[in-house]
Amino acid sequence: MGNAPGSLESLRRTNRLRVLQTVQSRGAASRADIVRLTGLSRTTVSSLVAELVSESLLVERPDQQPPPASPNGGRPATLLTLDPGAGGFLGMHFGHDGLRVAVADLSCTVLDEEQRTMDVEEHVGDAFGHACEMAARLLGRLDLAVSRVVGLGVAVSAPVRHDSGAIASPSPLKGWDDVNVAEELDRRLGLPVYVGNDANLGAVAEWMFGAGRGVDDFVYVMLSDGIGSGIMLNGRLHLGATGTAGELGHVVVSPYGFVCRCGNRGCLETVAGGRALTAALSQVTGPNTTLDDVLRLARAGDPGARRAVQDAGRAVGRALSGLCTMLNPRLIIVGGRTGAAGEPLLDGIRASLAREVSPPVNGSVGIVPGSLGERAEVLGAIALAHRMTPAAALTGRAGGSAAGTGTAGGRVI
């Protein structure tokens with residue numbers, strides 16, 4: 001019996017962390033959500049939430065969008081988030097042709113961000129240097145000390161080994177083979193670093209903040225210079241045995257087509273990637289045509305641009321057909337730069353799925369645009385840091401000591 005008080009106090013500390021982790025994993029949660037997800041009693045949750053709110057570890061956020069009132073006239077639930085003012089997260093996205101860096105508070109609200117166009121593939125060291133300079137500039141503008149940043153999430157346009165945070169080899173980003181992004185940024189910034197593939201993190205962002213909110217089975221397709229996808233199954237990101245699931249851009253859709261940078265022939269990226277789209281239209285618009293030109297012309301109704309984009313959509317649909325048949329997702333969410341092309345792209349995807357997927361499966365799959373645009377990947381990086389940082393480290397007072405600096409691998413759980 002002498003150990004009982006200590007055991008009860010230990011249990012209470014554990015339950016405090018469970019409540020915090022539940023709010024953390026969802027971004028925002030009601031008291032009823034916490035009861036349902038933790039299995040704790042309503043009385044226990046009510047007591048713990050009151051305690052955490054009084055300590056300014058959780059806050060009620062009337063600015064968050066709660067679910068509508070119940071049909072019987074009940075009031076909508078009040079959502080809780082981590083205290084936004086208790087610190088911040090950094091997010092970085094290393095794409096093929098540029099960087100984006102953002103700072104968010106602990107409720108994942110972006111406070112400021114910057115982007116820079118550069119050849120990330122050819123200048124690995126410069127890319128890290130510029131990203132750290134951008135982060136320092138943003139933190140300075142916000143008057144947020146780096147010591148108050150509790151985690152850095154990084155999205156990279158390459159497969160990431162989820163046991164180490166290193167880029168898998170061979171990498172579609174030239175010059176990035178075996179680069180350990182987590183170690184490099186930890187060395188430069190002294191922060192806990194969490195790394196993931198950008199398409200996977202785009203899926204996480206759409207699930208937490210965008211078109212996939214409330215949907216636990218969907219495929220996020222990122223169409224840009226490269227092509228990737230993130231697969232959400234039962235509310236969890238599917239990474240595969242080595243962390244490289246979702247490499248949609250290297251599904252062969254044209255066996256006698258162009259040679260891909262991966263060494264195969266006729267990969268989806270060679271047909272529907274940014275370079276393929278600009279090459280298709282440059283025959284009409286000239287050799288200096290950019291992807292932005294293609295998208296602008298398509299949105300303006302130019303017949304050639306619309307045809308190029310629709311053909312790309314059909315190729316994407318062919319690559320997705322087997323995935324849809326096997327996994328039966330509820331949604332296909334289309335994002336990335338090319339996702340801004342809109343209906344011609346989506347119509348092409350729908351046409352291929354209608355032709356190549358059985359009616360019962362095809363009829364249950366919605367094809368929708370992403371709602372986060374080109375920012376999805378950096379928002380996903382922030383979401384990764386938010387989800388992976390230990391709850392005790394988010395507060396420093398949540399029933400355990402704050403985590404020190406150090407490197408973490410790139411698993412998304």
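View 1. At least three lining residues come from each of domain 2 (88-201 + 376-395) and domain 3 (211-371), with domain bounds taken from an automatic or database domain assignment. The pocket holds about 420 Å³ of space, and of its 21 lining residues the closest to its centre are Asp97, Gly98, Ser224, Arg337 and Glu374. Strand E4 (98-105) and strand E5 (110-117) each contribute at least two residues to this lining, which divides into two nonpolar, 10 polar and nine charged residues. A pocket is an open set of points on a 1 Å grid over the protein atoms alone where a 1.4 Å probe fits, with protein on both sides within 12 Å along at least five of seven lines, and lining residues have an atom within 4 Å of a point; the volume is the space filled by probe spheres set on the points, which are joined across faces, edges and corners. Ala, Val, Leu, Ile, Met, Phe, Trp, Tyr, Cys and Pro count as nonpolar, Asp, Glu, Lys and Arg as charged, and the others, Gly among them, as polar.

**View 2. Helix H9 (residues 291-299) has a buried face.** Leu291, Val294, Leu295, Leu297 and Ala298 are buried, a term for under 20% relative accessible area, as against over 50% for exposed and in between for partly exposed (1.4 Å probe, protein chains only). Seen down the axis of H9, these residues fall within an arc of 165°, so they line one face of the helix; the arc is that of the directions from the helix axis to the C-beta atoms. They pack against helix H8 (274-285) and helix H10 (303-327), and just after H9, Gly301 takes a positive phi of about 95°. Helices (H or I, at least four residues) and strands (E, at least two) are DSSP runs, numbered from the N terminus.

**View 3. Asn15 is a buried residue of helix H1 (residues 4-26)**. Its relative accessibility is 10%, and beyond its neighbours within four places in sequence, Asn15 is in contact (heavy atoms within 4.5 Å) with Leu40, Thr44 and Leu48.

**View 4. Asn234 has a positive phi, near 55°**. Asn234 is found in the loop between strand E11 (227-233) and strand E12 (236-238), where it is exposed, with a relative accessible area of 63%.

Residues are numbered from 1 along each chain as its sequence is written, and side-chain values use heavy atoms, with hydrogens and water left out. In this predicted model, local features need pLDDT of at least 70 and side-chain atom pairs count only at pLDDT 80 or more, whereas totals for chains, interfaces and linings use all residues.
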